[in-house]
Amino acid sequence: MSTTATAIGVSPKRGVWGGGNEPLKASYGKLMMWFFLLSDIFTFAALLITYISLRVSFPAYGGPADAFVGSNEYWPVPELVFDAIPFFHGVHIPLAFVGLMTFILILSSVTMVLAVEAGHRNDKKDVVKWLLWTLLGGITFLSCQAWEWTHFIHGTPNGSLITYVNNFGQTVTETIFGANLSVNEYGPSNFAQLFFFITGFHGFHVTLGVFLLFLAFYQAAVGVYEQRGHYEMVEKIGLYWHFVDLVWVFVFTLFYLI
């Protein structure tokens, strides 16, 4: 008695290398998206591990919150750095604005799920509607991040007295306002460098996602996917968008909460 085992998605007539196979019942496009996301996971993991390594190399601020000032001697307290809100000058609510950004991005992931589900039903009207909401969510998040960067760069009205080594190798002590890649008013230079690189790299991914969402929204609206008979492109873009949202959860947790 003999039995033959056929791999999932492999045609018994063509064999593994004969072409026309769908491993794990996934199309070529979905597999390539998963491979891309896997490579991106390694990149973001390396960045976040680097952040954690540098974060633990500095002591934490141990004084009272109302006496906190920026210093190269300790790592800044995130909730005391990111406490501003647009249009409310002088109002300080720790992490409220970045929390709102996070909520908007997670909500856009929900609308993306609804768009993909509508695509499975071949419901063009719902696909267009939910893609539009997802697109607006992405644009809103990027706008919020642009404001946060602007506020972080310009700094507080009073600044902080920081001792650091300038570009000429001289140790100087002066009042610093805001942040750049060399020095910042909040803490060690690594803090601002990692903030710009990690949130900027994630923002680049969101920008790419917004472009893809606009492309999918336009093609769905004019009936391209309806003519194809499926909405697989929406599902592939959805995988990417969920990944971007998930990465932000880790960035938010490690950078803003710890």
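Entry 1: Helices here are DSSP runs (H or I, at least four residues), numbered from the N terminus.

**Entry 2: the basis.** The model is predicted, and local features need pLDDT of at least 70, side-chain atom pairs count only at pLDDT 80 or more, while totals for chains, interfaces and linings use all residues. Residues are numbered from 1 along each chain as its sequence is written, and side-chain values use heavy atoms, with hydrogens and water left out.

**Entry 3: Phe82.** Which residues are in contact with phenylalanine 82, leaving aside its neighbours within four places in sequence? With contact taken as heavy atoms within 4.5 Å, I listed Ile93, Pro94, Leu95, Glu148, Phe152, Phe191, Phe195, Phe255 and Tyr256.

**Entry 4: the cavity.** On a 1 Å grid over the protein atoms alone, a cavity is a set of points where a 1.4 Å probe fits but cannot get out, and lining residues have an atom within 4 Å of a point. I found one cavity of 30 Å³ or more. The largest cavity holds about 90 Å³, a volume being the space filled by probe spheres set on the points, which are joined across faces, edges and corners. Its lining includes Phe82 and Phe152, together with Asp83, Trp147, Glu148 and His151 among others. H4 gives the most to this lining, with four residues.

**Entry 5: the pockets.** A pocket is an open set of points with protein on both sides within 12 Å along at least five of seven lines. The largest pocket has a volume of about 590 Å³. Of its 26 lining residues, Leu80, Asp83, His92, Thr156 and Pro157 lie nearest its centre. The second largest pocket has a volume of about 250 Å³. It is lined by 13 residues, and Ile41, Phe243, Leu246, Val247 and Phe250 lie nearest its centre. H1 gives the most to this second lining, with seven residues.

Note on methods. Helix = DSSP H or I, 4+ residues; strand = E, 2+ residues; numbered from the N terminus.
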